[in-house]
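I am opening a notebook on this structure. My entries follow what I looked up, one topic at a time.

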Amino acid sequence: MKNKRSIFDITTDIATISSDIFLNEEEIEKRLGELYQELQHKEDGIWALVQKFQQDVELADKYLAKIQKQKKIRQNAIKSIKNMVIDVNQSIGQLPKHSDFNPITIGKTASVNVIDESKIPDEYWVEVVTKKLDKKKMLSAMKSGTKIPGADINNNQHVRGLK
């Protein structure tokens, strides 16, 4: 069975092979070929692992969607049951009997029913202002040499070919 080495071990060996004083040029080339082949095999495994994880994420998304749907169904059922209790008690003109096993009560709350927003006077409106950084504009300015206090350019690396 082949030794299971990490991608870091392999790349470390690739980076340091040329400084091995016990190997001649031919042996270094041969060993580099073996290391690059091992690295390619490791990268193939990484790609397969990421694909498997992606499938797991997609499956989780499907389950989450189903769970969200079931949650909404149950929330609507609760709302319907509550409305039914109100309707039944209004029809007989009596509040539910409260007991140790039945904590149901019916309360009243006041809320505003907006019929036509365009007719509501300005004094009842609240202005909401939000600010958001224009990072694309900032990046463009900074790339052209502008110094922006409180910001700098972050050069990130990302892997392509893996979904």
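This is a predicted model: local features need pLDDT of at least 70, side-chain atom pairs count only at pLDDT 80 or more; totals for chains, interfaces and linings use all residues.

Is Arg5 buried or exposed? The relative accessibility of Arg5 is 17%. Buried means under 20%, so Arg5 counts as buried.

Next I looked up where Arg5 sits. I found Arg5 in the segment before helix 1, which covers 7-16. I then checked for a side-chain partner: the side chain of Arg5 makes a polar contact with the side chain of Asp13, at 2.6 Å. Leaving aside residues up to four places away in sequence, I listed Ile10, Asp13, Arg31, Leu35, Glu38 and Lys42 as the residues that Arg5 touches.

I moved on to helix 2. Helix 2 covers residues 25-92 and has 68 residues. From its first C-alpha to its last, helix 2 reaches 99 Å, close to the 100 Å expected at 1.5 Å a residue.

I looked at both ends of helix 2. Asn24 caps the N-terminal end, with a side-chain oxygen 3.0 Å from the backbone nitrogen of Glu26. After helix 2 comes Gly93, and its phi is positive, near 70 degrees.

Which residues of helix 2 are buried? I wrote down Ile28, Leu32, Leu35, Glu38, Leu39, Val85 and Asn89. The buried residues of helix 2 pack against helix 1.

My last entry is on Asn89, which lies in helix 2. Asn89 counts as buried because its relative accessibility is 12%. Not counting residues up to four places away in sequence, Asn89 touches Gln94, Leu95, Pro96 and Ile106.

Key:
Residues are numbered from 1 along each chain as its sequence is written. Side-chain values use heavy atoms; hydrogens and water are left out. Helices (H or I, at least four residues) and strands (E, at least two) are DSSP runs, numbered from the N terminus. Buried means under 20% relative accessible area, exposed over 50%, partly exposed in between (1.4 Å probe, protein chains only). A polar contact is a pair of N or O atoms within 3.5 Å; within protein, one must be able to donate a hydrogen and the other to accept it, and residues adjacent in sequence count only if both atoms are side-chain atoms. Contact means heavy atoms within 4.5 Å. The expected span of a helix is 1.5 Å times one less than its number of residues.
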